[in-house]
Amino acid sequence: MASVSSLASTVDQRIADALSAALPEAGPASPLLRRSDRADFQANGLLALAKRLKGNPRELATRVVSALTAEGTAPDVIKEAEVSGPGFLNITITDRAIIETLAARAADSRLGVPYAERPGTTVIDYAQPNVAKEMHVGHLRSAVIGAAMVEILEFTGEKVIRRHHIGDWGTQFGMLIQYLIEHPHELDHKGGPDATSGTSSPDGPGTAAAIDGETAMSNLNRLYKASRVLFDSDEEFKARSRDRVVALQAGDEETRTFWQRFVDESKIYFYSVFDKLDMEIHDADVVGESGYNHMLEETCRILEETGVAVRSEGALCVFFEDVKGPDGNQVPLIVKKSNGGYGYAATDLSAIRDRVQSLDATALLYVVDVRQSLHFKMVFETARRAGWLNDEVRAVQLAFGTVLGKDGKPFKTREGETVRLEDLLDEAVERATAVVREKAEKAGLSEREITENGWYVGIGAVKYADLSTSAVRDYKFDLDQMVSLNGDTSVYLQYAYARIKSILRKAGDTEPAARPELALAPAERALGLHVDEFGEVLSEVASSYEPHKLAAYLYQLASHFTTFYDQCPVLKADTPAQVENRLFLCDVTARTLQQGLALLGIRAPERL
């Protein structure tokens, strides 16, 4: 499969060549091309070039236009080039170039999107729930943003290794394990999938996996509450629980066996929630805090021997000139506590060592709450000082903000409790199903299709609301807006896709076909030029880790299609050739929409 040069890159190269021909003394110079509402493209680079050469920008621009339109230069791409304002170049593309470029894209299964020039190996740390605890709305963003970045980077040719750094270690397990040892049947339940079977189910909500996940979480909640009551009221049980922590950390076989039961039970629950979220989680990618226990002591030894970490009041610490407390004293990253226990930093630094040295990572991407930014800044700097991160290996925190309620405050239930993620997803699917049902009769949907599409639309609405917002910003969780058919929502995009598929079905035996010889209406041109930007948008999103830019592109694409649909009859176009060409524009738009939504983890039903 061959990549297709975008019209923007082709024009950029043509202008660069004309610059070299007209102004050989200028040397290499960028045209600084961008889309324009005055023409198809505008080049602004001549202003800076004229300043450097101490020349008149309009005169330089005129010379470049002459080189672009010189005799013998075929107008295969550039229809018109004119000087505007103080020295801008306004460029209009030929209709033929637009359709021929789109035809080349349509002939490729990847829509002509190129692979990255120098792909590497990226480890993405995302979707990190805690063992024996319910997933809540705070777990949503890491899962959704991380899964989208996995898909986007893999599509560009990057090798991606997923890591789910679940919270499966800590002193609370002493209490839980001791209670389970004394009440051995508290986690028993019948049926359900094996927690370590490999992936979450693709069958959607309401399956055995989802039902069994609820049972698993119910058991864990009941056990946690009962053990907490006993821990707080019975000093002897509290003492036994603390002894159990020591046994767990020492590797006692019986204690580890009971600990594993908590992990496996929690995985049943995790997988049921991710299943509902339409996300695939592979068991091999779940490497929790405990997975690095064997590395902690060596990590601390290396840091101390190299002088990266020093002893302070009995603890092993790393200090930073720019990290200070209110009293003006430096606040350290504590790697090992004075009592011999290890902090989160020791685990995170050991994970970096493992991912760089064992997984050969060239990039580490952490999809983690913005409130942990200082911690990761300190961890990354420590890893750089230790030599685990360098010019060849970088670590980036893709920081995300908070999910807010309609009132602009952190999202809570009416009782002030954190919202359970399952409840939130169930309500989204319920609302979306009602929207789908309203349109079902006209679309001729069966009850099964209504249920299935309600899930696609509801889960898509939740994901898109998250992904269409810049990750670092907070956003309001408003289901009424999320499932709206109007505005910047996934439902709007999904209905645009379904509308196109309906047009293609109604076309019957008439096949989409590119007709480069035809003149294009303004709405056709705008749609075609926007479709052509898909590859460049993906390249930018992959390099900057900003999936909201892909969401914005797709919304604009659906908007361009809506304008095209309103202004350009497709099946009732003036000539058979025009019908075929407009069907072709519909088809390549639908494929681009579907591919883009898939990269965001959103399904596009063909009938809605």
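Which residues of strand S8 (residues 315–318) point one way, which the other way, and are they buried or exposed? Ala-315 and Cys-317 point one way from S8 while Leu-316 and Val-318 point the other way, and all are buried, where buried means under 20% relative accessible area and exposed over 50%, with partly exposed in between (1.4 Å probe, protein chains only). This is a predicted model in which local features need pLDDT of at least 70 and side-chain atom pairs count only at pLDDT 80 or more, whereas totals for chains, interfaces and linings use all residues. Residues are numbered from 1 along each chain as its sequence is written, and side-chain values use heavy atoms, with hydrogens and water left out.

**Strands around S8**

- Strands here are DSSP runs (E, at least two residues) numbered from the N terminus, and two of them pair if DSSP finds at least two bridges between them.
- Strand S7 (residues 310–312) runs antiparallel to S8 and is joined to S8 by 3 bridges, with Arg-311 standing opposite Leu-316.
- S7 and S8 form a hairpin with 2 residues between them, and Glu-313 in the turn has a positive phi of about 55 degrees.
- S8 also pairs with strand S9 (residues 333–336) in the antiparallel sense over 3 bridges, and Val-318 has Leu-333 in S9 as its bridge partner.

- Strand S4 (residues 88–93) runs antiparallel to S3, to which 6 bridges join S4, and Thr-92 in S4 stands opposite Glu-80.

Conventions. Helices (H or I, at least four residues) and strands (E, at least two) are DSSP runs, numbered from the N terminus.
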